Amino acid sequence: MEEVPQGCPGTGSAQAGRGASCQGCPNQRLCASGAGAAPDPAIEEIKEKMKTVKHKILVLSGKGGVGKSTFSAHLAHGLAEDENTQVALLDIDICGPSIPKIMGLEGEQVHQSGSGWSPVFVEDNLGVMSVGFLLSSPDDAVIWRGPKKNGMIKQFLRDVDWGEVDYLIVDTPPGTSDEHLSAVQYLSAAHIDGAVIITTPQEVSLQDVRKEINFCHKVKLPIIGVVENMSVFICPKCKKETQIFPPTTGGAEVMCQDLKIPLLGKVPLDPHIGIQEFCGHHPPKEEHFLSS
Amino acid sequence: MEAAVEPGNLAGVRHIILVLSGKGGVGKSTISTELALALRHAGKKEQSISLMSVGFLLESPDEAVVWRGPKKNALIKQFVADVAWGQLDYLVVDTPPGTSDEHMAAVEALRPYSPLGALVVTTPQAVSVGDVRRELTFCRKTGLQVVGVVENMSGFVCPHCAECTNVFSRGGGEVLASLAGVPFLGSVPLDPELTRSLEEGQDFIRDFPKSPAFPALFSIAQKVMSEAPARLS
């Protein structure tokens, strides 16, 4: 098992499953029982399930509020413009599931069939899954510790009947913790194409994004590239540009040059995105990302 | 890793404020910082600000902390029990987004010290309100008194033509406060000077009193101070 929590004593060690770092790890019980050499059976089950999914892309950011969900939704819509392309959007932000609202699917519920959970379809070729669909009220809080969140992510990957999918886009919460480790771990046998990392231009965001990039290196997750969101604000009245989030250290461009990672593009701040999220449309300027 | 039990370490702290949001990137750290600075300047005497963060324990700023929940909980307990906080009028606790390990650990660790309560931050748009409603439920379920809701990134005044644009939509903060029956403490507009000031580690409250964000931030601090119950000595 390569994707391990920091400080993992090793699955073969006498401390396997018993150390402080083992708390919350999905394999803890296995390791403590002495069966540590055997990986979680769910990993193989998920590998089988993912055989019908051609491409898997994780959308990450160390920083919150930079536009991961917005980007994931627009990317999904953009890919699904070709009605012959089957697209799936999985929201693994368990505490703050934004995807249902952004996709205009609030209030939808998940149905179970003989072949597993059915995603909620916003188009014939675009299916969505989120914990948001399992909550009965918009005020319901998901107050779960790591292991329960991990269990939910395992179910999303193993038990959802995605069918034949060309692109599975996985939207994540900010950070480098349980959800991220679990997603990488459970998909470890299924081959993830890579990660798209979202940032805004200012250093306080880039600082967190560099940590996310380090996380990707640690867990051997390829990085497709970085997207700089909220790059510049264009006043709707006078059309002049202002940098609301100034790139005090050169923005994503300098960071990508330093770390030799592709900069996939820059997206300006557009007040209309807030409105279009309700309608589930995407602005034409997102199209140029799709060729990456 | 057992946290040392030191009941005395928070005994000198008069008020504790948790800054929360269900949503990432709404400005919890910004509001925490500016609130701390504003409380300092509004106080009767200039005092220093004490600060603790896992950032100070990292060897390099790019180092990723790839920990699962229990290890994060243990560090939070240590921050509460093992840091010599001394005499403080206010302890402002900045949190990550969500309603998970860190939040439960912070509430559990601080509960014996009668925290003042929670300041909940949102931005105006519905996708933020959607997440922050869940945070308010968390507060209710854990018995945290909500001091009020702050709406951040409320509009941007174009420096070229003075047109105010609702970059992140509008109205969310007041809707949220009204839904939850808690006070609405104010709206803080977008200000690139504020962003730059944070990036450069400056004292925004001292250096930019003419900024459009200043009156809102100062007023929020005043309201927090007037909510603080007197503590029996």
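**Figure 1. Two phenylalanines of helix 8 in chain B.** Because B:Phe214 and B:Phe218 lie four residues apart in helix 8 of chain B, about one helical turn separates them. In this predicted model, the two side chains form a stacked aromatic pair, with 5.4 Å from centre to centre and 15° between the planes. B:Phe214 counts as buried at 17% relative accessibility, whereas B:Phe218, with a relative accessible area of 23%, is partly exposed. The helix that carries both residues, helix 8 (residues 213–227) of chain B, lies across strand 1 (13–20), strand 2, strand 3, strand 4 and strand 7 of chain B and runs at about 160° to strand 7 of chain B.

**Figure 2. The five-stranded sheet of chain B.** The strands of this open sheet follow the order 2-1-3-4-7 in chain B, and their pairing is parallel. Strand 2 (88–94) and strand 7 (184–188) of chain B are the edge strands, each of them pairing on one side only. With direction ignored, neighbouring strands of the sheet are turned against each other by 20° on average.

**Figure 3. The eight-stranded sheet of chain A.** Chain A contains an open sheet of eight strands in the order 5-6-2-7-1-8-9-12, with mixed pairing. Strand 5 (120–123) and strand 12 (263–266) of chain A stand at the edges with a single partner strand each, so one side of each has no neighbour in the sheet. From one strand to the next, the twist averages 20°. Strand 5 of chain A pairs with strand 6 (residues 126–130) of chain A in the antiparallel sense over three bridges, and the bridge partner of A:Phe121 in strand 6 of chain A is A:Gly127. Helix 3 (residues 68–80) of chain A packs on this sheet and touches several of its strands, among them strand 1 (53–60), strand 2 (87–91) and strand 7 (165–171) of chain A, while the direction of helix 3 makes about 170° with that of strand 7 of chain A.

**Figure 4. An edge-to-face aromatic pair in chain A.** A search of the whole structure finds four aromatic pairs over all chains. The ring centres of A:Trp117 and A:Phe156 are 6.1 Å apart and the ring planes stand at 75°, so this pair is edge-to-face. The pair links distant parts of the chain, since A:Trp117 belongs to strand 4 (residues 116–118) of chain A and A:Phe156 to helix 5 (residues 146–159) of chain A, 39 residues apart. A:Trp117 is buried, with a relative accessible area of 9%, and A:Phe156 also counts as buried, at 0% relative accessibility.

**Figure 5. Four annotated cysteines of chain A.** An unreviewed UniProt entry gives the annotation "binding site" to A:Cys8, A:Cys22, A:Cys25 and A:Cys31. Although these residues span 24 residues in sequence, no two of their C-alpha atoms are more than 11.0 Å apart, so they gather at one spot. A:Cys22 is placed in the segment before helix 1 (28–35) of chain A, whereas A:Cys31 is in helix 1 of chain A. Both A:Cys22, at 8% relative accessibility, and A:Cys31, at 11%, count as buried. Not counting residues up to four places away in sequence, A:Cys22 touches A:Pro9, A:Gln15, A:Ala16, A:Gly17 and A:Gln28.

Figure 6. At 0% relative accessibility A:Cys235 counts as buried, while A:Cys238 is partly exposed, with a relative accessible area of 26%. With neighbours within four places in sequence left aside, A:Cys235 is in contact with A:Lys240, B:Cys158, B:Cys161 and B:Glu163. A:Cys238, with residues up to four places away in sequence not counted, touches B:Cys158, B:His160 and B:Cys161.

Methods:
Residues numbered from 1 in each chain as written. Chains lettered and ligands numbered in written order. Predicted model: local features only at pLDDT ≥ 70, side-chain atom pairs only at ≥ 80, totals over all residues. Heavy atoms only, no water. UniProt positions renumbered as here; feature names shortened; annotations may be inferred. Buried < 20%, exposed > 50% of the residue type's maximum accessible area, 1.4 Å probe, protein only. Contact = heavy atoms within 4.5 Å. Pairing = 2+ DSSP bridges. Axes fitted to C-alpha atoms, helices over the stretch in contact; angles between N-to-C directions. Phe/Tyr/Trp six-rings, centres within 6.5 Å; stacked < 30°, edge-to-face > 60°.
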